[in-house]
Amino acid sequence: TSYEAGDVCVVWPQTDPKLVSRFVIETLELDLRTRVRIRPSRDVGADGQPATMPFPDRPLTLEEVFTSHVDISAVPSRHFFHVLSLFTDHEMHKKKLSEFASRTLEAKDALYEYCKRERRSAAEVMWDFWTARPPLAQLLSALPPMRPRRYSIA
């Protein structure tokens, strides 16, 4: 095999099976073998282009979803905290999650200290805020898709 300048190798990462198992079974209290079909929430994206879909057009097990398609190891976005805040009745958790989701300078600093600086993952946030349990559809929409890693090979 020969390579030319600019060639890249694309690697699709997978989440550690132990993390996926703990997340699905203990956190979501679901079965890894549960099959779901995931469709885009709308046909057209915000840019007017057809919605892109990180999921195959077939039923997937939750193990497949959280291993290969959504990134529970990623540092979560403010939107993730907002979604969690909508699905807890715990007053202190709701207040803190709402604060992290806010756009104020103080909230950005607090979010940076709690999440970004520590590289705290979405899974770890859900363990910290154990009372927040959004339905699967809302959770999946708030988690980032698994992204390929590109490496220069030439």
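**Figure 1. Salt bridges in the predicted model.** The structure holds 8 salt bridges. The coordinates come from a predicted model. Side chains of opposite charge can pair when their charged atoms come close.

**Figure 2. Glu26 and Arg22 in helix α1.** A salt bridge joins Glu26 to Arg22, and their closest N and O atoms are 3.7 Å apart. Both residues belong to helix α1 and lie 4 residues apart, about one turn of the helix. Glu26 has a relative accessible area of 54% and is therefore exposed. Arg22, with a relative accessible area of 39%, is partly exposed.

**Figure 3. Glu99 and Lys96 in helix α4.** The side chains of Glu99 and Lys96 form a salt bridge with an N to O distance of 3.4 Å. About one helical turn separates Glu99 and Lys96, because they are 3 residues apart in helix α4 (residues 91–101). Glu99 is partly exposed at a relative accessible area of 30%. Lys96 is also partly exposed, and its relative accessible area is 33%.

**Figure 4. Glu64 and Arg58.** This view shows a salt bridge between the side chains of Glu64 and Arg58, at 3.4 Å from N to O. Glu64 has 27% relative accessibility, so it counts as partly exposed. For Arg58 the relative accessibility is 39%, and Arg58 too counts as partly exposed.

**Figure 5. A salt-bridge network of Glu113, Arg117 and Glu118.** Salt bridges link Glu113, Arg117 and Glu118 in a network. For the charges of the protein chain as a whole, the mean position of the 22 positive charges and that of the 21 negative charges are 2 Å apart.

**Figure 6. A nonpolar surface patch at Val8, Val10 and Trp12.** Val8, Val10 and Trp12 make up a nonpolar patch on the surface. Together the three residues have about 300 Å² of accessible area. Val8 sits in strand β1, which covers residues 8–11. Val8 counts as partly exposed because its relative accessibility is 45%, and membership of a patch requires over 30% relative accessible area. Over the protein chain, the accessible surface comes to about 9900 Å², and carbon and sulfur atoms account for 51% of that surface.

**Figure 7. Positive phi at Glu29.** Most residues other than glycine have a negative phi. Glu29 is not a glycine, yet its phi is positive, at about 55°. Glu29 lies in the loop between α1 (17–27) and β2 (35–36). Its relative accessibility is 66%, so Glu29 counts as exposed.

**Figure 8. Positive phi at Arg119.** Arg119, a residue other than glycine, has a positive phi near 55°. The residue is placed in the loop between α5 (105–116) and α6 (122–128). With a relative accessible area of 59%, Arg119 is exposed.

**Figure 9. Ser2 and Ala154.** Ser2 and Ala154 are 152 residues apart in sequence, while their C-alpha atoms are 9.1 Å apart in space. Ser2 belongs to the segment before β1. Ser2 is exposed, given its relative accessible area of 67%.

**Figure 10. Overview of the chain for locating the close-ups.** The protein chain contains 7 helices and 4 strands. Read from the N terminus, the order of elements is β-α-β-β-α-α-α-α-α-α-β. Along the principal axes, the C-alpha atoms fill a box of roughly 60 × 40 × 35 Å. Of the 154 residues in the protein chain, 33% are buried. Among contacts with a separation of 6 or more, 73% are between residues 24 or more positions apart.

Conventions
Residues numbered from 1 in each chain as written. Predicted model: local features only at pLDDT ≥ 70, side-chain atom pairs only at ≥ 80, totals over all residues. Heavy atoms only, no water. Patch = residues over 30% accessible without salt bridge, like charges linked within 9 Å, V, L, I, M, F, W, Y side chains within 5 Å. Areas by Shrake-Rupley, 256 points an atom, 1.4 Å probe, with all protein chains shown as cover. Salt bridge = Lys/Arg side-chain N within 4 Å of Asp/Glu carboxyl O. Helix = DSSP H or I, 4+ residues; strand = E, 2+ residues; numbered from the N terminus. Buried < 20%, exposed > 50% of the residue type's maximum accessible area, 1.4 Å probe, protein only. Contact = heavy atoms within 4.5 Å. Lys, Arg positive; Asp, Glu negative; His and termini not counted. Charge placed at Lys NZ, Arg CZ, Asp CG, Glu CD.
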